[in-house]
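Let's take a walk through this model together. Have the sequence and the 3D view open side by side as you read.

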Amino acid sequence: MHEWSESQQMIRDAVRRFIDDEVAPQVEELEHGDLPPYDILRKLYSTFGMDEMARARFRKQIEAEKRGEETKKKSSGGDPESRADQAAATLIPIIELCRYCPGMVTAMGVSVGLTAGAILSKGTTEQKERWAEKLLTLEHVGAWAITEPGSGSDAFGGMRSSARREGDEFVLNGSKTFITNGPHADTTVFICKLEEEGVDLRDRKILNFVLDRGMPGFEQSGALRKMGLHSSPTGELFLSDVRVGMDRLLGGEAALSRAGGGRESAKGTFQTERSGVAAMALGIVDRCLELSLKYARERVQFERPIGEYQLIQDKLARMEVARMNLQNLVFRTIELSAHGKTMTFAEASAMKLYSARAAVEVAMEAVQIYGGNGYMSEYVVEQLARDAKVLQIYAGTDEIQIRAIAKDLLAA
Ligand SMILES: Cc1cc2nc3c(=O)[nH]c(=O)nc-3n(C[C@H](O)[C@H](O)[C@H](O)COP(=O)(O)OP(=O)(O)OC[C@H]3O[C@@H](n4cnc5c(N)ncnc54)[C@H](O)[C@@H]3O)c2cc1C
């Protein structure tokens, strides 16, 4: 794939129109007010039939599971072209939304990609029916909680949240922080360690439980104040003796006998997160370049448009290089999906590392091109620069991506 097909361009144009009508007029409220992103995202889903498509795909998968058929995890059926269109139809809204509000994509991605994704990959058929369908259609908001005040990069090693088994029940305790959608989530995947006597804390089984809003002992904080990404509410979760049955343990009884418990499931989730970042970065870079070009043509200093100065041209040219690279990474993601393949963990990490850095560099250079105006909230590059920074932190920091890539290279 070397360019968007005609049908993909049509989708992109339609999504752009939706964003012009529904998102752009509300950016101020989303970014500087208290408007949560969910109703606009639901409207996006219903306008483009994304909710009905997700429901139909989900029902088909569940029916197949009930008939005892092996579900195809890596490809969603159809010929390569239709699979490419399906992958593009998922990535195009991410790119386009990130031109305005990367936070909206974070809120949507965590709910659909991470929370529903975790339930779909590790849940029993019953658990999928109970929680995943409403998350996939955005009827419900989901949160995926692994990070704790004392454990971020070393997510499993430093994890303190625990599940104590009492007969057929578990008693959950612990706290989580920086949780996207935490304040609003209807459904939360809570990742913790099984209390196992005589087993070192670092080696204990990792378990994933599904929690509903309002369960006794389960508290969801309000939104934390942060540097950017204001259209994505982020919060803390507190669990104090939350009692749950086996029905809320993802995978049920079988999860207890899997070596390491849910470590592999969470790793799969990291991979999903990482590969989505290229599309987010592309949206940010594309918009920053568009705005920078406009400003470079219009802004006059020393009696010439600043775009005539080589130092500004150098910035614009580098932005275009980043845009092309990111677009190629997105095309590669689509190609892989079309052929039912996924990236290796190291490849997804490399893509995430490059994309996050490119987005931050381009957005900061856009601020520089705008000069004093770039530092003012009135100009959108200021917001995009603050928003871009998070790409180097969440879904694994830059340093952690480097570690994953190097480990893979050295092991080969
Ligand atoms: C806006 C936002 C949304 C988020 N959403 C979620 C969510 O929905 N769910 C969730 O579970 N988490 C979420 N997170 C948490 C995020 O994944 C963590 O912040 C991230 O993994 C880093 O962990 P930390 O903040 O504890 O930093 P730390 O791990 O404490 O890292 C501090 C610094 O040390 C570096 N460092 C750590 N270990 C090494 C090493 N071995 N070698 C070299 N350098 C190292 C890091 O790279 C970083 O620079 C979110 C975070 C943010 C900011």
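Start with helix α3, whose buried residues pack against α1 (6-23), α4 (50-66), α5 (80-98) and α6 (102-122). Helices here are DSSP runs of H or I with at least four residues, strands are runs of E with at least two, and both are numbered from the N terminus. This is a predicted model, where local features need pLDDT of at least 70 and side-chain atom pairs count only at pLDDT 80 or more, while totals for chains, interfaces and linings use all residues. Residues are numbered from 1 along each chain as its sequence is written.

Which residues of α3 are buried? In this helix, residues 38-47, they are Ile 40, Leu 41, Leu 44 and Tyr 45. A residue is called buried if 20 or more other C-beta atoms, placed from the backbone, lie within 10 Å of its own. Look down the axis of α3 and these buried residues fall within an arc of 145 degrees, so they line one face of the helix; the arc is that of the directions from the helix axis to the C-beta atoms. The background is simple: an α-helix has 3.6 residues a turn, so residues three or four places apart point the same way. Just after α3, Gly 49 takes a positive phi of about 65 degrees.

Now zoom out. The protein has 13 helices and 9 strands, and the domain assignment, which is automatic or from a database, gives domain 1 (6-140), domain 2 (143-259) and domain 3 (265-411). The C-alpha centres of domain 2 and domain 3 sit 31 Å apart. Where these two meet, 9 residues of domain 2 are in contact with 10 residues of domain 3, contact being C-beta atoms, placed from the backbone, within 7 Å. On the domain 2 side, the touching residues split into 6 nonpolar, 3 polar and no charged.

So where is the ligand? Both domain 2 and domain 3 give residues to the shell around the ligand, so it lies between them. That shell has 20 residues, and the closest are Gly 152, Ser 153, Thr 180, Thr 397 and Glu 399; to be included, a residue needs its C-beta atom, placed from the backbone, within 6 Å. Two or more residues each come from β1 (142-145), β3 (169-180) and α13 (398-411). By type, the shell divides into 11 nonpolar, 7 polar and 2 charged, with Ala, Val, Leu, Ile, Met, Phe, Trp, Tyr, Cys and Pro counted as nonpolar, Asp, Glu, Lys and Arg as charged, and the others, Gly among them, as polar.

Methods
Buried ≥ 20, exposed ≤ 12 C-beta atoms within 10 Å, placed from the backbone.
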